[in-house]
Amino acid sequence: MKIFTAAQIHELDKYTIEHEPIKSIDLMERAAKAITRAIMEEWTDRTPVVVFAGPGNNGGDALAVARLLAEADYKVSVYLFNIHNKLSNDCATNRQRLVDCKKVGNFTEVSLNFDPPELKADILVVDGLFGSGINKPLMGGFASLVKYINQSPCKVVSIDMPSGLMCEDNSFNIRANILRANITLTLQQMKLAMLLPDCQQYIGRLRVLDIRLSPEFIQNAEVSYRKIEEQDLRPRLRHRGDFVNKGTMGNALIIAGSYGMAGAAVLATKACLRSGTGRVTTHTPKRNYAIMQISVPEAVLQMDREETYFSDSVNTDDFDALGIGPGIGQGENTAIALIGQIRRAQCPVVVDADALNILANHQAWMQQLPKGIIMTPHPKELDRLVGNVSNSDYERLTRAIQLAERLQGYILLKGHYSALCMPDGHVLFNSTGNSGMATAGSGDVLTGIITGLLARGYERAEACMLGMYLHGLAGDLAAKDLGKESLMAGDIIDYLPKAFLRLQE
């Protein structure tokens, strides 16, 4: 799924009107019917509805929805804010249609003073104040109205975007002046803000409504952001031939674990094995020998000369991929061994966990990283890598994109919608995963999966895309059977086979 900017959304509407062709007012009616159907699926006609409409096309949508709900015997009260006595053409048309509709119980056009209605718990508010077109924070009376709605016990459904929330960058928005919706009914395409963690509190439950905007425009439009889905990945799966052997299925190296952190090595190794690679060698300190032998008998062990920590780089000539970082600690000897290992590696490298924090503490080493390196930071690790705490998730995403371009590598910023930032500036958002995966060791599993896919022969971008999707899908399948509260990192590994089968179906 392509993620359009606010400007592209405007162009998509315009292109549809010109090339379908369809009048703009008729396209608005089509959108209103889709919104009305979605509302009627959630609330019966026993629910009192209060509609707040702004002066633009979002307000026009809201007025049309109010009329359609009234015609379906909903009790509807409407407030149209026409402060400057200037409505968009389609909003003005729908205003007249609403006035002509005899079933609307109460219609108030606000031009100066406004006495807000009491918004009780049983009331549904339809938010049509401002949609995807705003580019600055709400101020004055509109900000006061948003605050009033937010503190009321009513339910809120927002049309296209919660009023006050911008489509992309909300870094300098006034958070108190953004409406908090229970449901957002967005039109045709998701907006970037809908994928960012710090905007979720305003969006509530999201539904994307198909209003049949131009498929030609959508197909041909160039975008910087996409959300990957099953159909994007199925063609990329590699066929496993009948006459292969472990020597032709890839050889992966995992460098993980320290004394007291053997579990990180176990999880990364198991996940790597479950990802289809023919052989996995794990380099870990001597104290972890017995644990690894018992926990992962399928792995080949390569013991570090030190008892408790990773101390020296190893030859990677015989390996097809390297995953390094989970549980290795951040001691200075380990740090020196890490940069030596990365510089020495002749294969694709996945860097995670302690390895990321070591690089963050040795910024000069960032210039020595090889092109094509894969880094999988969570938000705080990303902040440390770039040397700045971000004010918003948009700002953090922007810095991840800049880091990927500067390193000519792949930055997989982990989260509910994990974002894979590519060397060319494009971003792919993941569509799988759930909150049950917010548990210790989940990142170690992702490192193992991506390393295994690289060793199996996937290109870096493919391995990252498939890796984060399969990781999230396995978590979703596990949560369906086990619930989110009890989910552990090991469960993700156990459900990886089902995730592969799901993609192969």
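Okay, one definition before we start: two strands count as paired if DSSP finds at least two bridges between them. Keep in mind that what you have on screen is a predicted model.

Let's begin with strand β16, residues 410-413. Which strands does β16 pair with? One partner is β15, residues 374-375, which runs parallel to β16 and is joined to β16 by two bridges. Getting from β16 to β17 takes a hairpin of five residues.

Now, the side chains. In a regular strand they alternate between the two faces of the sheet. In β16, Y410 and L412 sit on one side, I411 and L413 on the other, and all four are buried, which leaves both faces covered.

On to the aromatics. There are ten aromatic pairs in the structure. One of them is F52 with F114, which is edge-to-face: the centres are 6.4 Å apart and the planes are at 90°. Why do I like this pair? F52 is in strand β2, residues 49-53, while F114 is in the loop between β4 and β5, so the contact ties together parts that are 62 residues apart in sequence. Is F52 buried or exposed? Buried, because its relative accessibility is 1% and the cut-off for buried is under 20%. F114 comes out as partly exposed, at 24%.

Then there's F130 with F142. The ring centres are 4.8 Å apart and the planes are at 85°, so this pair is edge-to-face. F130 is in the loop between β5 and α5, F142 is in helix α5 itself, and the two are twelve residues apart. F130 counts as buried at 19% relative accessibility, and F142 counts as buried at 19% too. Zoom out a bit and ring pairs link F52, Y79, F81, F114, F130 and F142 into a cluster.

While we're on rings, have a look at two arginines. The charged end of R238 sits over the ring of Y458, 5.3 Å from the ring centre. R287 does this with Y259, with its charged end 4.7 Å from the centre of that ring.

Next, helix α2, residues 24-42. With 19 residues at 1.5 Å a residue, α2 should span 27 Å, and its end C-alpha atoms are 28 Å apart, which agrees. Which residues of α2 are buried? Quite a list; among them are I25, L27, M28, I35 and I39, and the charged E29 and R30 are on it as well.

Last stop, the largest pocket, with a volume of about 740 Å³. How many residues line the largest pocket? The answer is 31, and the ones nearest its centre are H10, D13, N57, N58 and S132. The elements that give two or more residues to that lining are α1 (6-19), α2 and α3 (57-71). Of these, α1 has the largest share, with eight residues.

Definitions and conventions: Residues numbered from 1 in each chain as written. Predicted model: local features only at pLDDT ≥ 70, side-chain atom pairs only at ≥ 80, totals over all residues. Heavy atoms only, no water. Phe/Tyr/Trp six-rings, centres within 6.5 Å; stacked < 30°, edge-to-face > 60°. Buried < 20%, exposed > 50% of the residue type's maximum accessible area, 1.4 Å probe, protein only. Lys NZ or Arg CZ within 6 Å of the ring centre and 35° of its normal. Expected span 1.5 Å × (residues − 1). 1 Å grid on protein atoms, 1.4 Å probe; cavity = no way out; pocket = protein on both sides within 12 Å on 5 of 7 lines; lining within 4 Å. Points joined across faces, edges and corners; volume = space filled by probe spheres on them.
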